[in-house]
Amino acid sequence: MELPWPKLCPNCRQQRRLAFRNTRNLYQRSCMNCKQSMLSIYSADKVMTTYCQTCYWNDQWDPLDFGVGYNFSKSFFEQFNTFLRTVPVPGQIIFYPSTLENSQFNNEITRSKHCYIVFDGEHAEYSLYGETFFNIHHCLDFYRLTNCELCYECIGCNRCYNLKYSAWCSGCTDSWFLMDCQGSRNCFGSTNLV
């Protein structure tokens, strides 16, 4: 195939491909169905038909009403753009909204209680400012935690308890400033301990 070489590096090309996706920024907007104020991943200047969680998941509107036939005289992407802006979308991506308790300032979460600004995960309690998690409790400023409790400023940790300022640890307890450790307890400033 006679294709030209890419002019951008692989990371820049990936950024361009994912530029449309927003999961971390929340905007104040009104629901286009009930007109109540809500949080949304779409800013008010975007031409999208956004519904609040209650309006989106109820049975008062029929998705089949938005079906259209394909017009061969127009380009696919022009028709898809019109279709994308017409069909209602939820303002936030919340899986099973009834499983949330006092956790409205989040996106892409489920089964969580008393959380604030956490994204992309399942089952968190009393956690703040983090992304990508599963089954965490009382964690703050984190990224990629699984089965952790009382962790602060941790990245990529699994089964940790009371861990601070650490990365890529597993099964560590009551420690500070660890990197790539497993099963460590009461440690400070250690790396590659097993």
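**Exercise 1. Work out where Gln92 sits and whether it is buried or exposed.**

Start with the chain: Gln92 falls in the loop between β4 (89-90) and β5 (107-113). Strands here are DSSP runs of E with at least two residues, and helices are runs of H or I with at least four, numbered from the N terminus. Quick housekeeping: this is a predicted model, where local features need pLDDT of at least 70, side-chain atom pairs count only at pLDDT 80 or more, and totals for chains, interfaces and linings use all residues. Residues are numbered from 1 along each chain as its sequence is written, and side-chain values use heavy atoms, leaving out hydrogens and water.

Next, accessibility: Gln92 comes out at 10% relative accessibility, so it counts as buried (under 20% relative accessible area; exposed is over 50%, partly exposed in between, with a 1.4 Å probe and protein chains only).

Finally, the neighbours: skipping residues up to four places away in sequence, Gln92 touches Leu26, Leu39, Ser40, Gln53, Gln104, Asn106 and Asn107 (contact means heavy atoms within 4.5 Å).

**Exercise 2. Describe how β1 and β2 pair.**

First, the sense: β1 (residues 27-30) and β2 (residues 37-40) run antiparallel, with 4 bridges (pairing takes at least two DSSP bridges).
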